[in-house]
Amino acid sequence: MAKIFKATTAGSLPKPNWLAETEKLWPAWVDSGDSLIEKKKESTAMWIKEQEKSGIEIISEGEQFRIHFVHGFLETIEGINWDKKTQMGIRNDRYVVEVPTVTDPLRKAGSVHIEEAKFLRSNTEKLTKFTLPGPMTIADTIANDYYANKEEMAMEFAKLLNDEAKSLCEVGIDIIQFDEPAFNSFLKESTEWGMDAMEMAIDGLDCKTAVHICYGYGIEENLNWKKTLGDQWRQYEELFPAINQSNIDQVSLEFAGSKVPAELMRLLPDKEIMVGVISVVKDHIETAEEVEMNIIAALDHVEKERLIPCTNCGMAPISVETAKQKLKALGEGAMRAEKRIS
Ligand code: ZN
């Protein structure tokens, strides 16, 4: 019988030490050439099995083929000068990184991630999800020395993302998820033009679409930022009404261990909601009971048919072992919640 709760992750999973440096957001590969490609496949296959074994129903490739979710997409895009590095405060100056610079018209020759999507599709019978960076988040993670402004550049990226998403749907991916952590940093711009760019990115797609908006990875910069957000994190309150009116099918939100008021889920009555029932901090591993209780708490605000248990964010910067335990708790917790309500 099909499960009521189809658990999934926000997307990224840690890379093992034989593939890349561990517990880093921008790790270096430990190999190169064909041997690196083989290792990426091996690692992806390992995570697909691990997700299945844990009872996860919507499977991702764990972003094992890319160093970082934004730059993985950008690597083959024309118009970007990778030698022209610019120091930039990203996510509204939450952290400073060296980013490449757009210096010419943006163009895409062929699909960026199609081989990875095919690999995922051919290695599981379950539903599949592929993540892409959202246009606004890309525009916040690269310097602009060509377009009139950030908005215009984001719209150009949205067109390229739309083309990419279509090719991934064509090879059988069930859900394309756009990661827009920048939405939470730029509330005004998100509703002014971020959502328009998102609509452009999902235009005409045959598969389901999702948007992931979070409070970031469980790294120090984000944990410090969260301390400044007060007793109630109400950022979603400004975003969700606009998102509920959009054509996006699924919305992911941070919930476990956060100060997001659960009732904000009520602002998304027409969407499926990926509720974060697993935090992404490395020093706390949820039990299945905790996950179960998070799901039960969310059910006060969203019907079971629209609830998808998920992680708060990607797990890239934590250890492989911790992520495995969190996956296990996620799958078991979803099952326990299902038993409890049926
Ligand atoms: Zn996230």
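Modeller: Happy to! Let's take strand 6, residues 175–179, which is mostly covered, with five of its five residues buried. Before going on, note that this is a predicted model, where local features need pLDDT of at least 70, side-chain atom pairs count only at pLDDT 80 or more, and totals for chains, interfaces and linings use all residues. Residues are numbered from 1 along each chain as its sequence is written.

Some terms: helices (H or I, at least four residues) and strands (E, at least two) are DSSP runs numbered from the N terminus. A residue is buried if 20 or more other C-beta atoms lie within 10 Å of its own, exposed if 12 or fewer, and partly exposed in between, with C-beta atoms placed from the backbone.

In a regular strand, side chains alternate between the two faces of the sheet. Here both faces of strand 6 are covered: Ile175, Gln177 and Asp179 are buried on one side, and Ile176 and Phe178 on the other.

Now to the neighbours, where two strands pair if DSSP finds at least two bridges between them. Strand 4 (residues 127–133) runs parallel to strand 6 and is joined to it by five bridges; within this pairing, Thr131 has Gln177 as its bridge partner. Strand 7 (residues 208–212) also pairs with strand 6 in the parallel sense, over five bridges, and there Gln177 stands opposite Ala210. From strand 6 the chain reaches strand 7 through helix 6 (residues 187–202), a right-handed β-α-β crossover: with the strands pointing away from the viewer, the path from the first strand over the helix to the second runs clockwise.
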